[in-house]
Amino acid sequence: MFYTYIIYSKTIDKYYVGSCQNIQERLKGHLNSRSKYTKIAKDWELKYAETYVSRSEVIEEKCKSKK
């Protein structure tokens, strides 16, 4: 399974949208400065997630939302 997710940092008042195979591990990565963009805050909270069958389905959905 693949996921699209939205996390939020109250400290910097920013949202971040990403995709991954394991939401819990990815959130740990964001909280432990493993992402260039999200390392500026340590209080990321999962706000929303959607489940998909494949990575291509996630990418297709992201592309639709940008139009």
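Here is a short walk through this predicted model, strand by strand and then salt bridge by salt bridge.

**Stop 1: strand β1.** Select residues 2-9, which make up β1. Color by accessibility if you like: 6 of the 8 residues here are buried, so the strand is largely enclosed by the rest of the structure.

Stop 2: To get your bearings, click on tyrosine 5 and look across to β3, where alanine 49 stands opposite.

**Stop 3: the other partner, β2.** Bring up residues 14-20 for strand β2, which pairs with β1 in the antiparallel sense over 7 bridges. Pick threonine 4 this time; its bridge partner in β2 is serine 19. Then follow the chain around the turn: β1 and β2 form a hairpin with 4 residues between them.

**Stop 4: helix α1.** Jump to residues 23-31 and show the side chains of glutamate 25 and lysine 28, which sit 3 residues apart, about one turn of the helix. The two form a salt bridge, with the closest N and O atoms 3.4 Å apart. Glutamate 25 is partly exposed at 42% relative accessibility, and lysine 28 is partly exposed at 43%.

Stop 5: Last, select glutamate 45 and lysine 47, whose side chains meet in a salt bridge at 3.2 Å, N to O. Glutamate 45 is partly exposed at 42%, and so is lysine 47, at 46%. A search of the whole structure finds 2 salt bridges.

Notes. Residues numbered from 1 in each chain as written. Predicted model: local features only at pLDDT ≥ 70, side-chain atom pairs only at ≥ 80, totals over all residues. Heavy atoms only, no water. Salt bridge = Lys/Arg side-chain N within 4 Å of Asp/Glu carboxyl O. Helix = DSSP H or I, 4+ residues; strand = E, 2+ residues; numbered from the N terminus. Buried < 20%, exposed > 50% of the residue type's maximum accessible area, 1.4 Å probe, protein only. Pairing = 2+ DSSP bridges.
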